[in-house]
Each structure stands twice: as C-alpha cells, then as structure tokens.
Amino acid sequence: MNAVNMPTIGITCYPSQGGSGVVATELGLHLSRRGCEVHFISSELPFRLRKYHDNIIYHPVEMPQYPVFQHSPYTLSLATTMSEVATRCGLDILHVHYAIPHTASAFLAQQMVGPERLKVVTTLHGTDITLVGQEPSFFPITRFLIQKSDAVTAVSSFLKAETIRVFDTGEDIEVIPNFVDARVFVPKEMNAVRARFAPAGEKLILHASNFRPVKNPRAVIEVFARVRRDLPVRLLLVGDGPEMPGVRQQVAEAGLSDHVEYLGPVDKLEEILPVADLLLLPSLHESFGLVALEAMACGVVPVVTSRGGAGEFIQDGINGFLRDPSDITGMAAAASEVLGDAALHAQLVEEGRRDAAADFGAPCVVRQYLELYDRLLGNSGS
Ligand code: GMT
C-alpha cells in the first residue's frame, strides 16, 4: 500500500499488439491515474506505454542465453523478475493477463516471496482458455494455475462458462468485462484521411486484427466482395499476421486490389478507426472482441461474430450486428443495409457510442478491478 492507501500492483502481459496487452496496459494507466503505483514486468515495453507516465515503472525481463538451452526459459526469468520486483517495490498484487505462461511465473514468484505477502490475480482473455490451454500439454497446468490464483477474472460471461465447462474449475471466476476509454476513442470527422481512402465518397469498411486463422480474415474479403455488388465501398485492413499473404492473394484473385488498403499494424487505433463507417470482425470465435467495442466508441457500426462473448455488449440490430462467422450472406446483407441507409446508420452509431461509454467505459470497469483488489487485501471500499 502507498501513502494514499492504494495498492501497489505488478502487471504482466504480452507486450505486442493484441487485446490482452491493450487491456492490461490501459488498466495500468487508469490505476496509476487513480493513485496506484503500477509496475509493468514484461519481456518488452507494452506498445501503448511508450511515453512517460507518472506512477508507472517498467521492469524488463532479462532472458540469458546459454548454449545448453534450446529455448531460453522465459517463464523462470519472468518469475525471478516478478519476485525481485515484489520484494524491492513492495507489490501487494501481481495481476497477470493471459494465463499461459504468466500465471505459472506469478505462482512461482508468490512461492518465493511468501503467499501472505503477495496475491496473484489472473485475467483470462480468450485463447488461453479456448485454444492454447486446451492443448494436451498445457491443459493440466492451466487448470492447476487457475485453481491456485487468489482470484480469477474472465473478460466475458461466455469465457467464464467455457472455463468452467472445459476445466471444471468451479464457479469462483468473476466476470470483469473489457473496457474502452471513451474520451480517447471518439468519433472524428477525419476529412483529409477520408478523402485519401474514399476519394469518390465511397463507404469505408475496416477490419483490424492479428490476422491469425481464428480471426477468419478470408471471410472479410468475401463479405467485402458481396457488399461491393450493392454499394461503392472500400476496405481498410489494419494489422498483420500469418494469414496476410493468403489474404493478399485472395484480394488479387478477386480483382479487388484497387479497392483495398493495407495499413499494417497501427499503435494508436483511435487515430484511424473513426474514419470507417463499419467494422467487420467475423472471427471463428471471440471471447470478447475488444476492437468492436472500440469501434462503437468511435461511432463505427460493428458487424461481428455471434460465436463467443460479443453478444454481451452488441445487441443485434440495435447497436451493431451479430452473425455466424460462416454466414457470409448474412454479414454482407447487414453491412449493405446499414451502409445504404444513412438514418439507420446514424441511429446505430448513437446507440453504440452510448452503450460503449456507459457499462463498458473505463471508470465503471476499472472500479470493478479496484474493488477486487480491495477484497483480496482485506480492505473495505475502494
Ligand atoms: O486474439 C487472441 O487470441 C489473443 C487475445 C489477445 O491477447 O489479444 O485476444 C483475446 O483477448 C482480447 C482481450 O480480452 C479479447 O477482446 C479477444 O476477444 C480475445 N480473442 C479471442 O477470444 C480469439
């Protein structure tokens, strides 16, 4: 605890672009503004931290190479750094995002420091449960680590239910949803950028992801091709990943190259998202789908997979659309309908922005994490 009786928190996440790293970093930033001292412990500086912030200290994890190692044992180096930081900086809580392997390191660090001095919170984000954790070589340890954490949160009720169903962990998992800073993710005119990407006044569809198979990016191109039959529309692809070469080939083969822009990874998504009219996220599943919430905050209508947790913030036809990821026709029809009807589009934008800022706005959700920390540390109120 610091002078103003706020907990001192260690946060570990994957530093590269990806929803879990975004949520962890934004949480750390918001906690620091509320008076917590926050220590980020990770292999690299998380990408949204790249400037000075009061109350935030970054501790890199050194990973020594040695000829006998086939792979440097990151999990052990992380555990060592966590225990050193916990002791030296007086951490009350280690909050790890994405169970594998971060909870394993936190568990080891806790054993080294003493369980009475350091609590471990694990936030489950998605594929740590729905894909990676179910690999036979990871399943038993993932289950063990969930049970050993002092508190476990899941970013959606869907993910909580999946965790209980697959890992038989018991009900003691708290749902704390993802959040958006609705002062940063705001609608913007962006006339100059729009003129560049949509010179003839076309509508703009945007897809942003890490282009892995689970994101189903080929469906993005199929839906886009269908919508183009109905309306003048262009596509912005943000991000990069293993599916990108196949996507480029698909675009070329469909004769769509002149209508698609590849923007690559964008650190500050809020600087490009508002230019779009519609976001497409046809993932095979999404435990939450943070980018859809960020889109709503920016006044962009989301057309999102119905498999997973997105239905916990998107109401079909009210503030966005939910469709099965195999339903190319359904996604295209929803996109064409809303892009072709200005009044409907404006109505969905208004609903989406209001819903994103209310229940899923940063103040509301960060408070839930602070209350959890307080309960764990035996304090009352936050
Ligand atoms: O997409 C992933 O599998 C990685 C993961 C991440 O670290 O970015 O994304 C998951 O966590 C996000 C933040 O909580 C969620 O918004 C994403 O829905 C979730 N991805 C999946 O469930 C596929």
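The model is predicted, so local features need pLDDT of at least 70 and side-chain atom pairs count only at pLDDT 80 or more, while totals for chains, interfaces and linings use all residues. Residues are numbered from 1 along each chain as its sequence is written, and side-chain values use heavy atoms, with hydrogens and water left out.

**Ligand shell**

- The ligand is surrounded by 16 residues, each with a heavy atom within 4 Å of it.
- G19, S20, H125, R212 and E286 are the closest of these.
- By class, the shell has three nonpolar, 10 polar and three charged residues; Asp, Glu, Lys and Arg count as charged, Ala, Val, Leu, Ile, Met, Phe, Trp, Tyr, Cys and Pro as nonpolar, and the others, Gly among them, as polar.

**Polar contacts (N or O atom pairs within 3.5 Å)**

- The side chain of S20 has an N or O atom 2.3 Å from an oxygen atom of the ligand.
- For E286, a polar side-chain atom lies 2.5 Å from a ligand oxygen atom.
- F288 places a backbone N or O atom 3.1 Å from an oxygen atom of the ligand.
- On its own the ligand has 480 Å² of accessible area, of which the protein covers 94% (Shrake-Rupley method, 1.4 Å probe).

**Domains**

- The centres of domain 1 and domain 2, taken over C-alpha atoms, are 30 Å apart.
- Their contact takes 22 residues from domain 1 and 18 residues from domain 2, counting heavy atoms within 4.5 Å.

How values were computed: A polar contact is a pair of N or O atoms within 3.5 Å; within protein, one must be able to donate a hydrogen and the other to accept it, and residues adjacent in sequence count only if both atoms are side-chain atoms. Domain bounds come from an automatic or database domain assignment.
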